[in-house]
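Please open the model in your viewer and keep the sequence panel at hand.

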Amino acid sequence: VFVATWQRQQGFKGASPATIGRRTLSTGAQRPVYVAGQGMVPITRKKGATVREMGQTAIAAALADGGLEPGAVSALYVGNMLSGMLSDQQHVGPLLATAAGLNGVEATTVEACCGSGGAALRWGYMAVASGMHETVIVAGVEQMTHREIKTVTRALATASDWEKE
(Lines give C-alpha, C1' and ligand atoms only; values in the text may rest on other atoms or scores of the structure.)
Protein backbone atom coordinates (compact mmCIF):
# COMPACT_ATOMS: atom_id res chain seq x y z
CA VAL A 1 0.00 0.00 0.00
CA PHE A 2 1.31 3.44 -0.91
CA VAL A 3 0.15 6.90 0.07
CA ALA A 4 0.75 9.35 -2.81
CA THR A 5 0.58 13.12 -2.61
CA TRP A 6 1.52 16.06 -4.80
CA GLN A 7 3.46 18.13 -2.33
CA ARG A 8 6.51 17.30 -0.30
CA GLN A 9 5.79 18.41 3.25
CA GLN A 10 7.67 18.27 6.51
CA GLY A 11 5.28 15.68 7.94
CA PHE A 12 6.00 13.10 5.26
CA LYS A 13 8.85 10.82 6.27
CA GLY A 14 11.05 9.89 3.33
CA ALA A 15 8.83 11.39 0.63
CA SER A 16 10.48 11.07 -2.75
CA PRO A 17 9.33 11.78 -6.29
CA ALA A 18 8.17 8.82 -8.36
CA THR A 19 11.31 7.98 -10.30
CA ILE A 20 12.81 5.32 -12.50
CA GLY A 21 16.53 5.26 -11.85
CA ARG A 22 17.48 8.93 -11.69
CA ARG A 23 14.74 10.26 -13.96
CA THR A 24 11.51 11.69 -12.66
CA LEU A 25 8.54 10.05 -14.33
CA SER A 26 7.17 12.43 -16.92
CA THR A 27 3.67 12.01 -18.26
CA GLY A 28 2.95 15.62 -19.06
CA ALA A 29 1.54 16.02 -15.56
CA GLN A 30 1.17 19.46 -14.07
CA ARG A 31 2.78 18.55 -10.76
CA PRO A 32 5.13 15.92 -9.32
CA VAL A 33 3.82 12.97 -7.30
CA TYR A 34 5.50 11.76 -4.12
CA VAL A 35 5.22 8.53 -2.16
CA ALA A 36 4.57 9.67 1.38
CA GLY A 37 4.27 6.31 3.15
CA GLN A 38 4.02 2.57 2.63
CA GLY A 39 2.54 -0.35 4.49
CA MET A 40 2.46 -4.10 4.01
CA VAL A 41 1.24 -7.30 5.61
CA PRO A 42 3.35 -10.45 5.58
CA ILE A 43 2.80 -12.73 2.60
CA THR A 44 1.91 -16.10 4.04
CA ARG A 45 0.17 -19.37 3.31
CA LYS A 46 -1.67 -19.19 6.62
CA LYS A 47 -5.42 -19.11 6.54
CA GLY A 48 -7.36 -16.73 8.68
CA ALA A 49 -6.91 -13.08 7.68
CA THR A 50 -9.56 -11.82 5.28
CA VAL A 51 -9.07 -9.41 2.38
CA ARG A 52 -10.73 -6.77 4.58
CA GLU A 53 -8.35 -7.38 7.50
CA MET A 54 -5.22 -7.47 5.32
CA GLY A 55 -6.20 -4.24 3.55
CA GLN A 56 -7.12 -2.46 6.76
CA THR A 57 -3.79 -3.39 8.37
CA ALA A 58 -1.68 -2.34 5.37
CA ILE A 59 -3.55 0.96 4.92
CA ALA A 60 -3.13 1.82 8.62
CA ALA A 61 0.61 1.06 8.34
CA ALA A 62 0.96 3.27 5.23
CA LEU A 63 -0.83 6.17 6.90
CA ALA A 64 1.32 5.83 10.01
CA ASP A 65 4.50 5.63 7.92
CA GLY A 66 3.51 8.83 6.10
CA GLY A 67 2.44 10.61 9.29
CA LEU A 68 -1.07 11.10 7.90
CA GLU A 69 -4.58 10.85 9.30
CA PRO A 70 -7.33 9.08 7.29
CA GLY A 71 -9.03 12.46 6.76
CA ALA A 72 -6.12 13.61 4.58
CA VAL A 73 -7.00 10.97 1.95
CA SER A 74 -9.59 11.68 -0.74
CA ALA A 75 -9.36 8.51 -2.86
CA LEU A 76 -8.46 4.82 -2.61
CA TYR A 77 -7.50 2.69 -5.61
CA VAL A 78 -7.31 -1.06 -4.91
CA GLY A 79 -5.82 -3.52 -7.38
CA ASN A 80 -7.50 -6.93 -7.17
CA MET A 81 -8.29 -9.73 -9.59
CA LEU A 82 -9.75 -12.71 -7.75
CA SER A 83 -11.86 -11.62 -4.78
CA GLY A 84 -15.10 -11.96 -6.69
CA MET A 85 -14.31 -15.56 -7.60
CA LEU A 86 -12.47 -16.69 -4.47
CA SER A 87 -13.86 -14.59 -1.62
CA ASP A 88 -17.35 -13.76 -2.86
CA GLN A 89 -16.46 -10.08 -2.49
CA GLN A 90 -16.37 -8.15 -5.76
CA HIS A 91 -16.36 -4.51 -4.62
CA VAL A 92 -13.07 -4.48 -2.70
CA GLY A 93 -12.25 -0.75 -2.88
CA PRO A 94 -15.26 0.44 -0.87
CA LEU A 95 -14.89 -2.53 1.50
CA LEU A 96 -11.32 -1.52 2.38
CA ALA A 97 -12.21 2.17 2.58
CA THR A 98 -14.87 1.44 5.19
CA ALA A 99 -12.61 -0.95 7.12
CA ALA A 100 -9.77 1.61 7.18
CA GLY A 101 -11.99 4.49 8.30
CA LEU A 102 -11.73 6.33 4.98
CA ASN A 103 -15.35 7.39 5.12
CA GLY A 104 -16.72 9.29 2.15
CA VAL A 105 -13.67 8.92 -0.09
CA GLU A 106 -13.76 7.87 -3.73
CA ALA A 107 -12.96 4.16 -3.59
CA THR A 108 -12.66 1.81 -6.52
CA THR A 109 -11.36 -1.62 -7.44
CA VAL A 110 -8.99 -1.80 -10.39
CA GLU A 111 -8.89 -5.12 -12.25
CA ALA A 112 -6.19 -5.84 -14.83
CA CYS A 113 -5.51 -9.54 -14.20
CA CYS A 114 -2.03 -10.01 -12.75
CA GLY A 115 -1.27 -6.32 -13.34
CA SER A 116 -4.07 -5.04 -11.13
CA GLY A 117 -1.76 -3.54 -8.50
CA GLY A 118 0.28 -1.76 -11.17
CA ALA A 119 -2.87 -0.46 -12.84
CA ALA A 120 -4.11 0.86 -9.47
CA LEU A 121 -0.78 2.62 -8.98
CA ARG A 122 -1.16 4.26 -12.39
CA TRP A 123 -4.70 5.45 -11.54
CA GLY A 124 -3.49 6.89 -8.23
CA TYR A 125 -0.55 8.60 -9.88
CA MET A 126 -2.80 10.13 -12.55
CA ALA A 127 -5.34 11.28 -9.95
CA VAL A 128 -2.71 13.20 -7.97
CA ALA A 129 -0.66 14.46 -10.94
CA SER A 130 -3.76 15.77 -12.71
CA GLY A 131 -4.92 17.72 -9.67
CA MET A 132 -8.11 15.70 -9.19
CA HIS A 133 -6.90 14.61 -5.75
CA GLU A 134 -4.35 15.90 -3.26
CA THR A 135 -3.58 12.65 -1.44
CA VAL A 136 -4.62 9.11 -2.37
CA ILE A 137 -3.93 5.58 -1.20
CA VAL A 138 -3.03 2.85 -3.68
CA ALA A 139 -3.34 -0.77 -2.56
CA GLY A 140 -3.06 -4.23 -4.00
CA VAL A 141 -4.66 -7.14 -2.19
CA GLU A 142 -5.30 -10.77 -3.07
CA GLN A 143 -6.18 -13.87 -1.08
CA MET A 144 -5.84 -17.34 -2.55
CA THR A 145 -4.71 -19.76 0.14
CA HIS A 146 -8.14 -20.13 1.74
CA ARG A 147 -9.53 -22.05 -1.27
CA GLU A 148 -8.75 -25.41 -2.89
CA ILE A 149 -5.91 -25.45 -5.44
CA LYS A 150 -8.26 -26.50 -8.27
CA THR A 151 -10.54 -23.52 -7.60
CA VAL A 152 -7.63 -21.08 -7.46
CA THR A 153 -6.09 -22.48 -10.66
CA ARG A 154 -9.39 -22.13 -12.49
CA ALA A 155 -9.76 -18.53 -11.25
CA LEU A 156 -6.19 -17.66 -12.31
CA ALA A 157 -6.85 -19.16 -15.73
CA THR A 158 -9.47 -16.48 -16.35
CA ALA A 159 -6.55 -14.16 -17.10
CA SER A 160 -6.01 -16.10 -20.34
CA ASP A 161 -7.96 -16.14 -23.58
CA TRP A 162 -10.28 -19.10 -23.02
CA GLU A 163 -11.16 -19.45 -26.69
CA LYS A 164 -7.57 -19.59 -27.95
CA GLU A 165 -5.41 -20.92 -25.12
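A residue is called buried when its relative accessible area is under 20%, exposed when it is over 50%, and partly exposed in between, using a 1.4 Å probe and protein chains only. This is a predicted model, in which local features need pLDDT of at least 70 and side-chain atom pairs count only at pLDDT 80 or more, while totals for chains, interfaces and linings use all residues. Residues are numbered from 1 along each chain as its sequence is written, and side-chain values use heavy atoms, with hydrogens and water left out.

**The whole chain**

Along the sequence they follow the pattern β-β-β-β-β-α-β-α-α-β-α-β-α. Of the 165 residues, 38% are buried. A contact is defined by heavy atoms within 4.5 Å; among contacts between residues at least 6 apart in sequence, 74% join residues at least 24 apart.

**Asp88 and Ser83**

Next, select Asp88, in the loop between helix 2 and helix 3 (92–99). Asp88 is exposed, because its relative accessible area is 67%. Its phi is positive, about 55 degrees, although Asp88 is not a glycine.

Now move to Ser83, which belongs to helix 2 (residues 83–86). Is Ser83 buried or exposed? Ser83 counts as buried, because its relative accessibility is 1%. Not counting residues up to four places away in sequence, Ser83 touches Val51, Asp88, Gln89, Val92 and Glu142. Display the side chains of Ser83 and Asn80 to see a polar contact of 3.0 Å. Such a contact is a pair of N or O atoms within 3.5 Å; within protein, one must be able to donate a hydrogen and the other to accept it, and residues adjacent in sequence count only if both atoms are side-chain atoms.

Select Cys113, in the loop between strand 7 (106–110) and helix 4. Cys113 has a positive phi near 50 degrees and is a residue other than glycine. With a relative accessibility of 27%, Cys113 counts as partly exposed.

Continue into helix 4, where the buried residues are Ser116, Ala119, Ala120, Gly124, Tyr125, Ala127, Val128 and Ala129. Within this helix, focus on Gly124, whose relative accessible area is 0%. Leaving aside neighbours within four places in sequence, Gly124 is in contact with Tyr77, Val136 and Val138. Gly124 and Ala75 are 49 residues apart in sequence, and their C-alpha atoms are 8.1 Å apart in space. After helix 4 comes Gly131, with a positive phi near 95 degrees.

**The largest pocket**

Finally, display the largest pocket, which holds about 730 Å³ of space. Of its 26 lining residues, the closest to its centre are Val41, Ile43, Met54, Gly140 and Glu142. Helix 1 (51–66), helix 4 (116–129) and strand 8 (135–140) are the elements that give two or more residues to the lining. Helix 1 supplies the largest share, five residues.

On a 1 Å grid over the protein atoms alone, a pocket is an open set of points where a 1.4 Å probe fits, with protein on both sides within 12 Å along at least five of seven lines; lining residues have an atom within 4 Å of a point.

Conventions:
Points joined across faces, edges and corners; volume = space filled by probe spheres on them. Helix = DSSP H or I, 4+ residues; strand = E, 2+ residues; numbered from the N terminus.
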